[in-house]
Amino acid sequence: MTVRVRFAPSPTGYLHIGGVRTALFNWLWARHTKGTFVLRIEDTDRERSTDESRQAIFDSMKWLGLDWDEGPYTQMERLALYKEQAERLIQQKKAFRCYCTKEELDAQREALKKKDPKAQFRYPGTCRDRTDQPDKPFVVRFRTPSEGSVTYVDKVFGEVTTPNAAQQDFVLLRSDGIPLYNFGAVVDDMTMEITLVARGRDHMVNTPPQLMLYEAFGAKPPEFAHLPMMLAQNGEKLSKRHGAVSVSEYRDQGYAPNAVLNYLVRFGWSHGDQEVFSRDELIAAFGWEACGRGDGKFDTKKFLAINHAHLKEARLMPDDEYATRVVPFLEKRGVAGVSHDAAKAAVPLIRERATTFVDAADRLDFVFRAEPVMDEAAAKKFFVQAAAPNLRGLAAQIEGATTWNAHALEERVNAWLAERGLQIKDVAQSARVALTGRSASPGLFDVIATLGKDETLKRLQRGAALAEKAAT
RNA sequence: GGCCCCAUCGUCUAGCGGUUAGGACAUCGGCCUCUCACGCCGGUAACAUGGGUUCGAUUCCCAUUGGGGUCGCCA
């Protein structure tokens, strides 16, 4: 049987990083098994669902490269189906119309609680066995057995048993005919022939009622895999107040899509000692047996480190892709008109240094500006009068260079330094500030090689002039 | 409170009866070095507690403690 999995977010906000993890595990399983990944939008909450969120989900999924094979299906376009299936259950007496109002039920529950505080929370209404059909609004409820229990084998947690006494006559259809989560999900998963449902552990309690529905429909249920919770550092549910939680924020902070997936997959899943994975390695290695059960805490530092690891390796982030991704970040900081090729040529300068694309753009800034933005403190420290002749001398060496690569330049300059009884230390910092505007930069000769002869000379002369003007 | 689930360094985790309890991030030293990084070497740091089972438990079982999920005409 071919694997069919799904991701079914509700469009009630940006795509949450926790949601991405759910999507990722499903997607990986689909790709690993050469199965089908279905995208379904569960938009039955009319108050909170918006088209913008729907679009944000699509955008984020695409940015992450979590491509779907089927869908997006939309629940609000399938209302007739839910109604039909609910009717079927009513006919079979597996569900019933309930005319109780919320207020009535609340009052009855209160009364029951007063009598016995330990009373199980079950449907207190009286519509279960009524045969009339008054002309009043009604919801459709499932006739939940009070005896027995439901057992299933979770792909991650193993055997889970829940007594039916803990369940109530849950609502299938609201009075406006819109399905509630459990019903909509089951009807859809059933008709879409989903073979495995992977979702957050917060959904574990929904599994028994859903299993009851499958049984009522006489349908074979899918397998279930629940994922441990991803919590904030302080153990609370991960939310905005703990920092960035939406995918788009990480995109804007300069994270690489594959790094995001890499960090998230290691949350609740492991593959020996391997920490860094390419997309293909993930697909090949993924499996439920290696999933852990304990909840975890989101760690921003590790996330950053994983991103750094991806940006560092050309295997994971080729020069071409790096250039494409970093150019918009250069533009965002006012460095416009950088060609793809120029960016690509400069990428090696910052490979091992930049932790994000924001960081990369910052470190590359000097390459693409007519004049580097000068760090005044660095200029003051290194543009002293004694530095001027060294800068002029270095410029002369660069000017006379015939072989244009970092290694040859370094050899040439070293020969000159030796002749003058100088060391690279004696000129490096003032040259660095002249060339990059900063006291920290990529290697001097790599910078020179990348800037080119004309630009290098211009900047060295400018630095020398500033040094000469410095107070003694 | 009922029901369900979980428990190895600060964090993510490896371990599937016998290990000096391993790796990664973070952290602290050191090396390398034109700065910043990278890289390399090394240090600190964990099996929640109590009972069993066993020749032997981090590992299996049970309690306790702690944490989490959920109890809607939200998803």
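How do the residues of the surface near RNA strand B divide into nonpolar, polar and charged? In this predicted model, the surface near RNA strand B divides into 19 nonpolar, 18 polar and 24 charged residues. Here Ala, Val, Leu, Ile, Met, Phe, Trp, Tyr, Cys and Pro count as nonpolar, Asp, Glu, Lys and Arg as charged, and the others, Gly among them, as polar.

Because the model is predicted, local features need pLDDT of at least 70 and side-chain atom pairs count only at pLDDT 80 or more, while totals for chains, interfaces and linings use all residues. Residues are numbered from 1 along each chain as its sequence is written, chains are lettered from A and ligands numbered from 1 in the order in which they are written, and side-chain values use heavy atoms, with hydrogens and water left out.

The RNA comes first. RNA strand B is surrounded by 61 residues, and the closest are Thr44, Asp45, Glu352, Arg353 and Arg432; a residue is near a strand if one of its heavy atoms lies within 4 Å of it. Of the atoms of RNA strand B that come within 4 Å of the protein, 70% belong to sugar and phosphate. Some polar contacts can be followed atom by atom, a polar contact being a pair of N or O atoms within 3.5 Å (within protein, one must be able to donate a hydrogen and the other to accept it, and residues adjacent in sequence count only if both atoms are side-chain atoms). Arginine 266 places a polar backbone atom 2.9 Å from a sugar or linking oxygen of RNA strand B. For serine 270, a polar side-chain atom lies 3.1 Å from a phosphate oxygen of RNA strand B. Glycine 443 has a polar backbone atom 3.3 Å from a base oxygen of RNA strand B. Elements that give two or more residues to this surface include helix 10 (300-312) and helix 17 (424-436); helices (H or I, at least four residues) and strands (E, at least two) are DSSP runs, numbered from the N terminus.

Helix 17 also packs against helix 15: their axes are 9 Å apart, at an angle of about 85 degrees. Axes are lines fitted to C-alpha atoms, for helices over the stretch in contact, and angles run from 0 to 180 degrees between N-to-C directions. Helix 15 is therefore roughly perpendicular to helix 17, since angles under 35 degrees count as roughly parallel, over 145 as roughly antiparallel, 65 to 115 as roughly perpendicular and the rest as oblique. In this contact (heavy atoms within 4.5 Å), Ala387, Asn390, Leu391 and Leu394 of helix 15 meet Asp426, Val427, Ser430 and Ala431 of helix 17.

Helix 15 (residues 387-400) has a further partner in helix 16 (residues 406-420), where the axes come within 10 Å and cross at roughly 135 degrees. Helix 15 is thus oblique to helix 16. Residues in this contact include Asn390 and Leu394 of helix 15 and Trp416 of helix 16. The contact residues divide into six nonpolar, four polar and one charged.

Two backbone details complete the picture. Most residues other than glycine have a negative phi, and most peptide bonds are trans. Glycine 71 and proline 72 are joined by a cis peptide bond, with omega about 5 degrees, and proline 72 is in strand 3 (residues 70-74). Lysine 34, in the loop between helix 1 (17-32) and strand 2 (36-41), has a positive phi near 55 degrees.
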